[in-house]
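Welcome! Take a look at it first, and then read on.

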Amino acid sequence: MKTVFRQTRSYKRSVQLLMVNQFTINLGFYMLMPYLAGHLSGTLGLAGWIVGLVLGVRNFSQQGMFLVGGTLADRLGCKPLIVAGCVLRTAGFAMLGLVDSLPALLAASAATGLAGALFNPAVRAYLAADAGERRVEAFALFNVYYQAGILLGPLVGMVLTGVDFRVTCLVSAGIFAVLSIVQIRGLPARRAGDSGGTETEAAGKRRESVLSQWRGVVANRPFLLFSGAMIGFYVLQFQVYLALPMEIRRLGGDGNSGTAAVALLFAVSGLSTILFQTRVTTWCRARMEPGRALTLGLLVMGAAFTPLLAGTAVPVPAGGAALWLLAAVPPTLAALLLALGTMIAYPFEMDTIVRLSGDRLVATHYGLFNTICGVGITLGNLLIGAALDAARAAGVSALPWTALLVLGLACSGALYGLHRTGRLARSVPRARPRPATA
């Protein structure tokens, strides 16, 4: 951790603040969200479909508005969007703890999702601009802070929720309120649309209509192909929260042993990133081009499901330590390999988006990328969930792991093809005619 702090201090103040900002955002978010469903169904006694609706509204409002959030960041500046997102999440999380009517819960859930759509593209665009030539290393550090928040948040939330879920909501809202003040006072303002260009270029971006900007982004074919190939990255990564815990519960049950195995899964995933992310990035940066690093990362993530495939060939023990080991070890190895693949690919993924944007409308590109991948995650998880059900019903336990392995190989091959054909190289923005003057 001393190395992480030393590397963080080597960046300018704005980059340091953005990293602490992301840690705090994830701390406040993950200390609340894992326990929200239990509060809605238990404390408030809401039906399952209503709980799903409230949670779905949050996800839809975030994924559906990423493009809008990125566009606003490019037009108005990153700082106002970061602050607005933190303020909106303050209000949304406070409401989740204080209201119990369905309309109010839906409004609060939508507010928390919209908040993420506002500040996520803005934070990444700001970080990419201020990190300059060191942005690959900066995004590696960013992922360390990101994962640290995910790791610590549920632990803090568990303690607070043990007192009262409303306390969790209010503490989380307080964290975002303090974060809002810190951003207002400490984060330097950037020109609207500034991604390293001149004042004249930034003004030109603001004069251009939103629809014209969107058409330009959608016409960026290498960027769209890259976004489509990276859907697999996020589908595979999400299985730490979906397929792997379900497999542990299937074999290990819902008792204390199953809970311990799931906790081990998350601990391995988060701690490995915190400890090794910067070293992995340094190693990859010294030995391979970004396209090769992305290809390798997806290849490792696909291979992460081979321990689970191997586990399906082992007879299921009747019980005892052998059963717990079968339930815990293959998913934990899979989580470790998924974390390694993410460590390899993530910093280069963020850097590639900036390069494919040609340093123009960076936040808008991040927003559209998040929207494409968000839709892909939703569809991918539906298919993986169906595969898990079909495997259980038919007694073919290898089916979902084979599908995930194939997905990783296919996306790795797609990225390799984009790299070999030069489509992951820097995009040169096409010249546009100047607007007529009176």
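Rings of Phe, Tyr and Trp (its six-membered ring) pair if their centres lie within 6.5 Å, and planes under 30 degrees apart count as stacked, over 60 as edge-to-face and the rest as tilted. The count by this rule is 11 aromatic pairs. This is a predicted model, where local features need pLDDT of at least 70, side-chain atom pairs count only at pLDDT 80 or more, and totals for chains, interfaces and linings use all residues. Residues are numbered from 1 along each chain as its sequence is written, and side-chain values use heavy atoms, with hydrogens and water left out.

**Aromatic rings**
- Phenylalanine 226 and phenylalanine 369 are a stacked pair, because their ring centres are 5.9 Å apart and their planes are at 20°.
- Phenylalanine 226 belongs to helix α11 (residues 221-238) and phenylalanine 369 to helix α17 (residues 362-394), so this pair ties together parts 143 residues apart in sequence; helices are DSSP runs (H or I, at least four residues), numbered from the N terminus.
- Both phenylalanine 226 and phenylalanine 369 are buried, meaning under 20% relative accessible area, whereas exposed is over 50% and partly exposed in between (1.4 Å probe, protein chains only).
- Phe29, Tyr30, Phe93 and Phe176 are linked into a cluster by ring pairs.

**A buried serine**
- Serine 109, in helix α6 (residues 102-131), counts as buried at 3% relative accessibility.
- Leaving aside neighbours within four places in sequence, serine 109 is in contact (heavy atoms within 4.5 Å) with Val54, Val57, Arg58, Ser61 and Leu96.

**A partly exposed valine**
- Valine 329 lies in helix α16 (residues 320-357) and is partly exposed, with a relative accessible area of 37%.

Terms used: Helices (H or I, at least four residues) and strands (E, at least two) are DSSP runs, numbered from the N terminus.
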